[in-house]
Amino acid sequence: MFKNEEMEINLGPQHPSTHGVLRVKLRLDGETVTHCEPIIGYLHRGVEKICEDKTFFQGQVWTDRMDYVAAISNNLGWAESIEKLFGIEVPRRARYIRTMLTELNRISSHLLWLGTHALDIGAMTVFLYAFREREQILDLFEAFCGARLTTTAFRIGGLREDLPPGFLKQAQAFQDRFLACVDEYETLLTENRIWKKRTVGVAPISAEDCIAYGVTGPVLRAAGVAFDIRKAFPYAAYDEMEFDVPTATAADTYARYQVRVEEMRQSHRIVQQCIDKLPEGPVMAKLPKVLKSEVGEVYHAIEAPKGELGYYLVGEKGSGNPYRFHVRAPSFVNLQALPKMTEGKLLADVIAAIGTLDVVLGEVDR
Amino acid sequence: MPMTLTQTVVMALIQIVVLLAVIMAVVPIITFAERKVIGYVQVRLGATRIAGGHVGITGPINRAMWALGRVPVFSILRGLPIFMADGLKLLTKEDVIPEKADKLVFILAPAICMVPAFAVFAAITFFPGAEGLFTFPASFPIVGGLKFMGFLTDINVGLLYILGVASVGVYGIVLGGWASNSKYPLLGGLRSAAQIVSYEVPLSMSLLVPVLLVGSLSFRELSVKLATEMPLVAAVPLFLGFFFYLTCGFAETNRVPFDLAEAETELVSGFHTEYTGMKMGFFFLAEYANMIVVSAIAAAFFLGGHYLLPFGLQSQLIHALGAGHALNQPSILFFVGKVGFLLFVFLWIRATLPRYRYDQLMHVGWKFLIPVTLVNLFIAAAIKFVWM
């Protein structure tokens, strides 16, 4: 008489909450998730293979299009890994500007995450507040390199041009109002009973599981592991910056929210130091017209907003292209943890889990 | 003056037509208000594209205003005609019925949802005074010299009728979700069924407080006596009851933070995912009409209705100043103002709060609201026993 049937539903690839073209195949028993399978590949363009046919100078354009909300982080990883391969020394001023822009990009990426995550859980106003500030950051990018999203901001060896006139003033204007804005988001969410009910204890993943799955970034730090590549293996100008690595121990959605909000404050602090201590000097190293590589390989990782973004490059003798190029994309690796986080939970928790993992499908599929 | 049968029928028809016209006009205005209120909360302008621009019918006025160096006076109303555009769009959309849907139920569901939402208004008293809202001049045929009352009917089980009829509306949602023969609507419909069944109980329980205090089920009698004949202590259960009732009202109308049945980030559009055109428009009309009903009941029973002060405190004012004082006169403006404020609260909450999860919603309903409304009912009973 009582037949127990499981229902299979597809969340995506066209669904309001799956952030791009993620498709999640769910088996539901009532509203309880019994099986969760993320299906990816809808945005695959073969970035890694394409880059093997491009010169070292051209490849950066493709990195913009991986994690398109944090293009500058991708650019930085690309530029630095090639500089590491060729042993190029980047001028100090260029390193400072790179750090500043990358941190601004981290803020803008976290703002997009905050807005969409809150929207998924039903708090629609935070989204527009977050985008208001993100807009200011994108204006800064536009002032610097002419593009707002696909920036191609850096060049191998430094920067194409110095900061435009008035940039620092514009950046300072953003800096002056941003902390109050973060407080504003927090008044809407942090102590909100419903927000806490929807996030505390939701989609947990322990530190051991994080490490086993290779999950990095804020998700790992919210599980109590203070691993941040900016501190562990400093790059750009992070060795000269003062900042804290926020961690939490609860390892749930709320802890990740707290960690990311605090990261925005720390990024704000780093940007302020960059503005205050910006050294004078050239922004470009002396480079040959054409880069011809020797046989060699390099793995360079940076702390992207989503986690450890690693570039693995193999050089071929006498060639201007990478022989092999591979990206360790944090979104891709983090997404693996989704079934672990959601099986046995409710349908609404899947939405919260996708939001809290902060995946960008451009980077997952590449 | 006793009325003839013809007069009674014609009068009732006039009242029905006026009532429906008012609701049909108010509902689209609420949708416009929703755009604007949420827009301003979210530091944006909301709808601005129709009226208020430099072209079109209102163009010359606005151009003149801009030329004077001023923002057009009615800039807050910019985009107002969008409510007509909304309706027009819904009417002209292609009406798609899914291939595998249960066609009869699919077509019936929006009507099942909408008819009760409008039928409820029959028992609502907008103005309780025996003098009515106005009197038809004697020159009118048939109805000349008759009063236009502020209510359609004053049945002695008015509240029971409202609760009974309003709960029929959920069938529309459940059947609509089921008849679509699609997964997301089914989940939405089931959620909605569970939600409304759960919240019906505390909703009725919180409405029992006024019923107990007055000892009547007639809407008109309730709304008058709750404002004018309450002891001071009655403000306690009425004050608490107001918040419990409003919470349940939000759940009954499927509004944020209880909009699980149409949680767009989880279930696309929930129960009306497969609906298009005016069929979907019916669901919307029903939702907004229900919002008005919930606000009207809350305003009439808990916020003092047609009198100035809420929670029965008007009785103290009458006691102090005498029934003839200007502050103690009922006015429909008080009622409309209170309903308007509550509708604003609906929109305000929507802009501010996230959404509950399905199981948490059940917890709030069964483990919190039912016990506290019961306690509140006991408080009211004790007051009735000791003070009245």
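Predicted model: local features only at pLDDT ≥ 70, side-chain atom pairs only at ≥ 80, totals over all residues.
**Exercise 1. In which hand does α9(B) pass α14(B)?**

Residues are numbered from 1 along each chain as its sequence is written, while chains are lettered from A and ligands numbered from 1 in the order in which they are written.

*Solution.* 
- Start with the elements: helices (H or I, at least four residues) and strands (E, at least two) are DSSP runs, numbered from the N terminus.
- Take helix α9 (residues 235-252) of chain B and helix α14 (residues 358-387) of chain B: their axes come within 10 Å and cross at roughly 150°. Axes are lines fitted to C-alpha atoms, for helices over the stretch in contact, and angles run from 0 to 180 degrees between N-to-C directions.
- α9(B) is therefore roughly antiparallel to α14(B). The classes are: under 35 degrees roughly parallel, over 145 roughly antiparallel, 65 to 115 roughly perpendicular, and the rest oblique.
- The crossing is left-handed, the term for a near helix turned anticlockwise from the far one by less than a right angle; clockwise would be right-handed.
- Residues of α9(B) including L240(B), F244(B) and C248(B) meet residues of α14(B), among them L369(B), V372(B) and I383(B). Contact here asks for C-beta atoms, placed from the backbone, within 7 Å.
- By class, the contact of α9(B) with α14(B) has 10 nonpolar, 4 polar and no charged residues. Ala, Val, Leu, Ile, Met, Phe, Trp, Tyr, Cys and Pro count as nonpolar, Asp, Glu, Lys and Arg as charged, and the others, Gly among them, as polar.

**Exercise 2. Describe how α1 and α3 of chain B pack.**

*Solution.* 
- Helix α1 (residues 5-41) of chain B and helix α3 (residues 82-92) of chain B have axes 9 Å apart, at an angle of about 110°.
- That angle makes α1(B) roughly perpendicular to α3(B).
- The crossing is right-handed.
- P28(B), I29(B), T31(B) and F32(B) of α1(B) meet I82(B), F83(B), D86(B) and G87(B) of α3(B).
- Sorted by class, this contact has 5 nonpolar, 2 polar and 1 charged residues.

**Exercise 3. Check the span of helix α4 (residues 92-121) of chain A, then place the helix in its surroundings.**

*Solution.* 
- The expected span is 1.5 Å times one less than the number of residues.
- In α4(A), 29 of the 30 residues are buried. Buried means 20 or more other C-beta atoms within 10 Å of the residue's own, exposed means 12 or fewer, and partly exposed lies in between, with C-beta atoms placed from the backbone.
- G122(A) follows α4(A), with a positive phi near 110°.
- With helix α5 (residues 124-145) of chain A, α4(A) packs at about 155°, the axes being 8 Å apart.
- The pair is thus roughly antiparallel, and the crossing of α4(A) and α5(A) is left-handed.
- By class, the contact of α4(A) with α5(A) has 17 nonpolar, 3 polar and 2 charged residues.

**Exercise 4. How many residues of chain A are in contact with chain B?**

*Solution.* 
- 25 residues of chain A touch 22 residues of chain B.
- Elements giving two or more residues to the chain A side include α4 and α5.
- That side has 15 nonpolar, 5 polar and 5 charged residues.

**Exercise 5. Is F368(B) buried or partly exposed?**

*Solution.* 
- F368(B) lies in helix α14 of chain B.
- F368(B) has 13 other C-beta atoms within 10 Å, so this residue is partly exposed.

How values were computed. Contact = placed C-beta atoms within 7 Å.
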